[in-house]
Amino acid sequence: MRFIIKNSHLHPVFEKIQHSLPVTQIDSIPQPSPNPNFSFNEQLQQLLTGKQLLHDDLEHSIEEIHSHYENGYIQYRKPISYQNNKPFCVRCGNNQFFAHFPCSRCHEEDCAYCRHCIMMGRVSACTPLLTWSGPEFPLFKARNALKWEGQLSKGQEAASNAVKLTIIEQKELLVWAVCGAGKTEVLFNGINEALLFGQRVCIATPRTDVVLELAPRLKKVFPDTTVAALYGGSEDRHRPAQLIIATTHQLFRFYQAFDTLVVDEVDAFPYSKDETLQYAVQQARKSPSSMIYLTATPNKKWQAQCRSGKRNYMTIPARFHRFSLPVPEFTWCGNWEKLVEKQRLPNIVTRWLKERIDAGRQALLFLPKIAKMEKVLPIVQRLHTNIQAVHAEDPDRKEKVQNMREKKTLVLLTTTILERGVTFPNIDVAVLGAEDRIFTESALVQIAGRVGRSADAPTGNITFFHYGKTKAMVRAKKQIMNMNAEARKKGLIND
Amino acid sequence: MCFDCVRWEQDEKWFGSLKQNLSLVVYNQFCKEVIARFKYRGDYQLSYPLAEMLREKLDRLNYDFLVPIPLSPERKYERGFNQSEALINALGRQPLSILTRIHSEKQSKKSRNERISLPQVFQLTDSAAIQDKCLVIIDDIYTTGSTLRHAAKLLKESGAKEVTSLTIARG
Ligand SMILES: [Zn+2]
Ligand SMILES: [Zn+2]
């Protein structure tokens, strides 16, 4: 599709006629003002409010969409912009991965397209982004949307109040909550407040399994609110909802959509490394809007910003069950990789494992690489038969985690894949090769956070076996001890 | 000759239409994902590495022209390009686009028998160019071979000396 400008409106044309241009090359796109007498398609209103979609995302004809533009109900936006002659994808913020092709839509020999977000449908120089510019679809305003009987801990309550205030004042807040603090409950009162104002709210998280876990919990406590769960391949994709739980990737399809946006696990991959996801978060916010970041382990930069007062933050230094966080023990184990090549483990590691196995106590053993783990597995299996190993690409991943949950597996070897999210009630945890670069401060804090999670078994052992102490190890231990000290000072723990 | 070709060749109507089909890889999961990204998501850039896979085989063939399988205009607009033409372009050759589609029905919705017994789906726009010429039809996937054989039959009947097909994958 190309456009010509006629009577200061765009008109689509399908041949390369004189004065016609692909949308990206039009200097400024005229936007007709809304015609109050136009009878618009409500389905388009629902699908496009707060979104940026392509024609390919919609089943509606080009003509119908265009009539909404002509009457001021749909806005056409440039899909690619140029900064110093370098292309920039307006949907995903990519400015590196572009290619071009002889395009049979715009008939240009070199129609540029974004390779970064192509799995969500191709953004090219001739595909306008479509956004609703008519009246928003009406939202249900609840008197009190929250139906929850639970009790907040003292630490949670302070954070909950801060979240609520941030939402009322439309500011930004980082909630730095230790593993096991119960960060989700901290959002309830704030979200309730937002829904009361008739706001649109989104909780974005890096991983699909977290979406799947959170969505039913939120549906339960906000039973009268429309809640949608969005992830690659989810059925709620086109469901208009007031409260959206989404993977961060799904935000590429949103534009100025949310009054309140919660970003969960800001320290986690891929959000922390992928600038396009950070761009997506900014695109999806309304202006003004409130922003809540959740993390158990902010990165160094954010920690420094917190300390210097540049970032508004709130800590929950204690776990919900009021026991202190288990502090990692550092144990030097020599050149373990060399021993593993000879089908052996450092004695001290074998002893640690044997103690657990003899006591029938479950344990997780973290290793830095899949290849290493595969070599260690047969050595550990000599100690006991119920020992398994799991990694990110493992097709039996779910089943193996389930076996651990059902206590069919005694010791589970794992890569960093289990560093967050998954909790087993009563386990000890060790890291073999804690000196490896993959074990960042945040990864190590998360790993230590696997221990002592349930109120029935609030303690346990966490050991870092290493061949040379790293800064990340020292910082992780210090972070945990600081949190314990703060919690004790505030009277949030009993032990 | 593989089982599929034997079945085709036993059918008198199709006998000798396609000299041979060459497919480079069986359709494994990785190949499936790359071709889907190329063809359905429209990542044109992948035509270059995919074409490189074809080059070695193609260099050993004797031919005058490379012929793409056409798409219906609607399908071509939807995808933005014709994957078969894209592969030929990526090989640095000029596609001989002399075939057009008569019907544009969804192949994937039909059974094998229905596909084979379909009436001619292609039309030739210019038969002078192919008289006594050796042609190679280029496409991404060889599934049942029905599309390729329809094209080959028409080209052969219209005067081509020899028609071979070359695809990246075999489904
Ligand atoms: Zn184009
Ligand atoms: Zn993009």
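Student: What makes strand β9 (residues 172-177) and strand β14 (residues 285-295) of chain A a pair?

Tutor: Strands pair if DSSP finds at least two bridges between them, and β9 and β14 of chain A share five bridges in the parallel sense, so by that rule they count as paired. One spot to look at is L174(A), which stands opposite Y293(A) in β14(A). Strands here are DSSP runs (E, at least two residues), helices are H or I runs of at least four, and both are numbered from the N terminus.

Tutor: A quick note: this is a predicted model, where local features need pLDDT of at least 70 and side-chain atom pairs count only at pLDDT 80 or more, while totals for chains, interfaces and linings use all residues. Residues are numbered from 1 along each chain as its sequence is written, chains are lettered from A and ligands numbered from 1 in written order, and side-chain values use heavy atoms, leaving out hydrogens and water.

Student: Which sheet do β9 and β14 of chain A belong to?

Tutor: They sit in an open sheet of seven strands with parallel pairing, ordered β11-β12-β10-β13-β14-β9-β15 in chain A.

Student: Why are β11 (227-230) and β15 (313-316) of chain A called edge strands?

Tutor: Each of the two pairs on one side only.

Student: How do you know that R285(A) and E172(A) form a salt bridge?

Tutor: The term asks for a side-chain nitrogen of Lys or Arg within 4 Å of a carboxyl oxygen of Asp or Glu. For R285(A) and E172(A) the N to O value is 3.3 Å, so the pair qualifies. R285(A) is in strand β14 and E172(A) in strand β9 of chain A, so the bridge ties together parts 113 residues apart in sequence.

Student: Is R285(A) buried or exposed?

Tutor: Buried means under 20% relative accessible area, exposed over 50%, and partly exposed in between (1.4 Å probe, protein chains only). R285(A) has 15%, so it counts as buried. E172(A), at 33%, is partly exposed.

Student: What other partner does E172(A) have in a salt bridge?

Tutor: R311(A), with the closest N and O atoms 4.0 Å apart. R311(A) lies in the loop between α7 (300-307) and β15 of chain A, so its bridge to E172(A) in β9 joins parts 139 residues apart in sequence. R311(A) has a relative accessible area of 18%, so it is buried.
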